[in-house]
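Dear colleague,

I am handing over the structure below, and after it you will find an account of what was found in it. Please read the account with the structure open beside you.

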Amino acid sequence: MEDHEGRSGSAEGSPLGRESAARRPVTLADVAREARVGESTVSRVLRSHGSFSERTRAQVEAAVARLGYVPNRIAGTLASTGSRLIGIVIPSLSNIVFPDLLRGATGALDAEGFQSVIAVTDYDEEREEALVASLLSWRPAGLLVTGLEHTPGAVRRLTASGVRVAELLDVDGPGLDIVVGYSNRSAGETSARYLIGRGYRRIAYLGHDLTRDRRAGKRYAGFRAALAEAGRPLHDEERIATPSSVEAGRDGLAALLARSPDCDAVYFSNDDMALGGYFHCLSRGLTVPDRLALFGYNGLDVGRLTPQPLTTIRTPRVEAGATAARLLCNDAPATVVDLGFELITGATA
């Protein structure tokens with residue numbers, strides 16, 4: 001992600017306060033100056049209506065991309081009244097992590113008199129860029145987005161819009177404005193040190209696509225680094241191409257143990273995968289943790305209700321959503337809030 005200094009401020013007349021000069025939204029006039037054409041020409045190109053040359057279209061589209069300009073879908077009277085809309089962009093609805101995040105955020109927004117519009121990226125950064133552009137075109141009062149990594153185009157739009165932004169569930173890297181979350185890398189390190197401290201020596205990793213889930217990638221990097229620091233290189237690993245799920249965890253552990261039956265502990269990218277691994281152990285008569293230790297991430301309620309509560313890291317997802325929403329609604333200055341995490345010893349490691 002490009003390194004941008006976080007700044008506070010929002011459009012004048014917005015319920016989130018007066019914008020700072022540094023966060024002035026990019027306007028149609030800015031695009032016209034950049035493209036060296038008139039504002040009416042820019043308008044025709046953006047609406048694909050009226051006459052203009054292909055060269056002019058290319059000039060305007062290049063200027064739009066460079067500046068991160070987003071057309072205003074609510075120009076006129078409605079825009080001047082001040083939006084009470086907050087956009088929320090999340091990667092998934094199939095993982096309980098994000099409904100928990102939404103529960104915290106929407107509860108806080110309701111209390112502050114704001115309404116939310118939710119968009120789901122399916123862990124696709126290009127899709128996130130398109131959804132950010134779409135939400136910004138309605139001139140929301142603010143945006144809540146997941147993670148710190150975005151495409152350069154999404155970063156340009158977010159910084160050029162003048163709209164306040166809160167990034168959630170990570171603090172490992174530079175933020176655009178408000179950042180609320182916890183260190184994924186530190187969670188990975190803590191998990192590795194716990195397993196090493198419990199005497200496990202042949203530790204493997206089981207996870208999903210780390211190129212799409214950047215936060216899982218940071219945990220994996222922290223986990224491997226802590227193992228290496230202790231002189232315990234990762235024994236083996238299995239990556240599942242499909243999205244994270246209980247089924248993927250079950251099938252992934254079967255494949256991992258078929259290849260490396262001497263593993264004595266497995267670190268999973270999240271609790272869904274770890275629960276699938278637990279079910280595999282039950283079906284094959286593998287005793288947990290005597291034969292194989294299992295370690296998850298997220299601290300889901302279902303993991304605490306299994307016959308042997310899951311050893312995992314609990315993350316404050318509801319609190320993260322609520323905290324970020326309150327900061328955004330109250331026009332807080334740019335800040336980083338590290339909520340930390342909790343190691344749950346459980347009974348599987």
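To begin with a charge and a ring, the charged end of R84 sits over the ring of F114, 4.1 Å from its centre, where sitting over a ring requires that NZ of Lys or CZ of Arg is within 6 Å of the ring centre and within 35 degrees of the ring normal. The charged end of R239 is likewise placed over the ring of Y220, at 4.7 Å from its centre.

Please keep in mind that this is a predicted model, in which local features need pLDDT of at least 70 and side-chain atom pairs count only at pLDDT 80 or more, while totals for chains, interfaces and linings use all residues. Residues are numbered from 1 along each chain as its sequence is written, and side-chain values use heavy atoms, with hydrogens and water left out.

The protein chain holds 13 helices and twelve strands, these being DSSP runs numbered from the N terminus (helices H or I of at least four residues, strands E of at least two). Of its 349 residues, 52% are buried, meaning under 20% relative accessible area, with exposed set at over 50% and partly exposed in between (1.4 Å probe, protein chains only).

Strand β1 (residues 85-90) has five of its six residues buried, and it pairs with strand β2 (residues 115-120) in the parallel sense over six bridges, pairing being called if DSSP finds at least two bridges between two strands. Within this pairing, G87 stands opposite V117 in β2.

The largest nonpolar core has 49 residues, of which L144, L169, L195, I203 and F223 touch the most other members; such a core is a set of buried Ala, Val, Leu, Ile, Met, Phe, Trp, Tyr and Cys residues joined through side-chain atoms within 4.5 Å. Helix α5 (residues 97-112) supplies the largest share of this core, seven residues. Apart from it lies another core, of 18 residues, among them I240, A248, C281 and V288.

As for aromatic residues, there are seven pairs, counted for rings of Phe, Tyr and Trp (its six-membered ring) if their centres lie within 6.5 Å, with planes under 30 degrees apart called stacked, over 60 edge-to-face and the rest tilted. Y278 and F279 form a tilted pair, 6.4 Å centre to centre with 50° between the planes; Y278 counts as buried because its relative accessibility is 2%, whereas F279, at 41%, counts as partly exposed. One aromatic cluster is formed by Y194, Y205, Y220, F223, Y267 and F295.

With best wishes
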